[in-house]
Amino acid sequence: MKRFPRRRRITVWLPFALLALAVLVAPIPRLVPPQEREITISLTQFEFSPARLRVNQGDRVTLTLAASDVVHGFYLEGYGIEERIEPGVTKRIEFVAERRGKFRYRCSVNCGALHPFMVGELIVGPNIPFWRAMGLTLLALAGLLVYLQRTGAGYEEVVNESFEIEEAA
Amino acid sequence: MSAQRRTDLLARYPALKRLLLSRAVQPVPMLATLAFFALAVLAGLFGTPAGSRNFGIIFVWIVWWALLILLLVPLTGRLWCAICPIPAPGEWLQRRGIIRRTGGKLRTLGWRWPRRLKNMWLQNFGFLGIAIFSTVILTRPRVSAWVLLGLVLLGVALSLLYEKRVFCKYVCPVGGFIGLYSMLAPLELRVRDPQVCASHTSKDCVTGNEHGYGCPWLIYPGGLRRNIDCGLCTECLKTCPRDNITLNLRPAGSDLLAAQEGRLDEAYKGFIMLGCALLYSVVLLGPWGWLKDWANLERLPYWALYALGFLAFNLAILPGLFWLAAAIAHRLSSGKSSLRRLFVDYSYALVPFGLAAWIAFSLGFVLINGSYALAVLSDPFGWGWDLFGTAGVPWTPLWPDLIPFLQVGVLMPGLLFAVWIAYQVARRHSDTLPQAGRAMLPVTGFLLAVTLVFLRLYLG
């Protein structure tokens, strides 16, 4: 096998770094006009039903929460909402889904063995954080592949190059 | 791997060397962890059945687990194995002492471990055996306590029958994955000059001398090339009369390409660990209540289906998909290596990837449930005590909004590291660089697909 170029080609990464920056900061407007949404969630050991909610950014959401077996809690990440839900007593929660992304709602009152894993998901679309993460991952991988194909950077080469830099310093 | 890239910590820090030469350096932390362990078992057996209020659940499966997977394994490799309380009673019984080097033979029948079991298969199946019950073990204090006690008793029994620490090396289900991921750690115990060992005939590191015991992990330090084999007990450091043992800082992941040929048992350990991280992310962190019911042994037939699916995914589906990727890579490479060899060698890319997956999964429940630790610290048994005034601390999830981004921040470097390892393996099995560049692509595709599944679970 022939010898490979030693110097890392930073320039290979530059276009990918710029693209990654664009993926991170590109403004993405609201795509759907806000709506009123009324959703009923029932809480039982150890499940929310429905377990996944999809709304759009700007929607005014009204949740009606009802526990059917034991006392549960409802804690919604990202929105600072927490309620205690007694069996037979419904609770209504209203909020505007301003923040995009995926937010978990969890039981916040010890309700049994699997209480820590009683989870539901609220997806406020468009789910920009998810698509940004996908874009970044694909770009980082593409950058690495191009870097490897261009430089043939191998284990020993990387190690020796680093060592020489250390010695020179 | 260039030896110059190592930093000899004991030469640079003589105080560290003096500390490690002390016979107390291992037993004292072991005694401390054993005290916590005993409390965890007692709380599990006699404390409240509410897992989130029981020291045995919170301190083992959240506090210890967070320390292990987020800090100790990535940074120090097998350091936990050196201070783990589980083999302590067995080892101290063997030695008839705790700190001082006792004379005479070890108290054991001294049987040799069977050759066909000198691998990770027992650890693989042991881990899977625990994993299919993990939803119950993680949430029921009493079950958790019996599992921990069972591991101690097994350790004691094996120490009475077999030589040294065969339990840790060949049986412990936790030690198996710590060993696998220790190959990534930037810390290693190695000899300074293998020639010194080769010319030294008495091999005190193997036989032991008045300063310490022969290697409890049954290795010859002069031939040590990978962290997976070394428990960092530092007995060899104490016994070496030539001052040829040291601790090095090194580039992370140095061991992954150290072996000329990979091993199928280690490859499967990689699949099982990745598969479990993925399945736990679905079952425990996902919103599907019916799946939690199945895993929770609510109804036996459903649990049996779950267990069957769990085992099939880890032992057949995930390795099968990887085999497919290796088969395509085989067609794209020089053909000088067998498909089996490629399958095994490429699987070492799963080591950094799997550890990243476990860290990402663990962040998802450790940060959410970590605050329970404050309450159980004051009331370990859930009996209404308030020892330190923290029993009333409410459940407070830590940075819940940030967790998905931390998970991405861990998964992405894990993916890139894994792809880089796959490329190094491809180079080893290819005649030219362009060929290596093509041959790595199927495994890269596999790794990317699994990453996207994780992203979908955590953010999508």
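Predicted model: local features only at pLDDT ≥ 70, side-chain atom pairs only at ≥ 80, totals over all residues.
Contact between them involves 37 residues of domain 1 of chain B and 35 residues of domain 2 of chain B. About 3000 Å² is buried between the two domains of chain B, and carbon and sulfur atoms contribute 78% of this area. Polar contacts across this interface comprise 6 residue pairs, with both residues at pLDDT 80 or more, whereas the count of salt bridges between the two domains of chain B is 0.

On the side of domain 1 of chain B that touches domain 2 of chain B, at least two residues each are supplied by helix 3 (27–46), helix 4 (55–76), helix 7 (121–131), helix 8 (134–139) and helix 11 (173–182) of chain B. Helix 4 of chain B provides the largest share, with 12 residues. By residue class, this side of domain 1 of chain B consists of 28 nonpolar, 6 polar and 3 charged residues.

Ser362(B) is located in helix 19 of chain B, which spans residues 350–369. The side chain of Ser362(B) reaches the backbone oxygen of Trp358(B) at 2.7 Å. When residues up to four places away in sequence are not counted, Ser362(B) touches Trp65(B), Ile69(B), Leu70(B) and Leu367(B).

Methods
Residues numbered from 1 in each chain as written. Chains lettered and ligands numbered in written order. Heavy atoms only, no water. Contact = heavy atoms within 4.5 Å. Buried area = accessible area lost by both parts, 1.4 Å probe. Salt bridge = Lys/Arg side-chain N within 4 Å of Asp/Glu carboxyl O. Polar contact = N/O pair within 3.5 Å; in protein donor to acceptor, adjacent residues only side chain to side chain. Helix = DSSP H or I, 4+ residues; strand = E, 2+ residues; numbered from the N terminus. Nonpolar A, V, L, I, M, F, W, Y, C, P; charged D, E, K, R; others polar.
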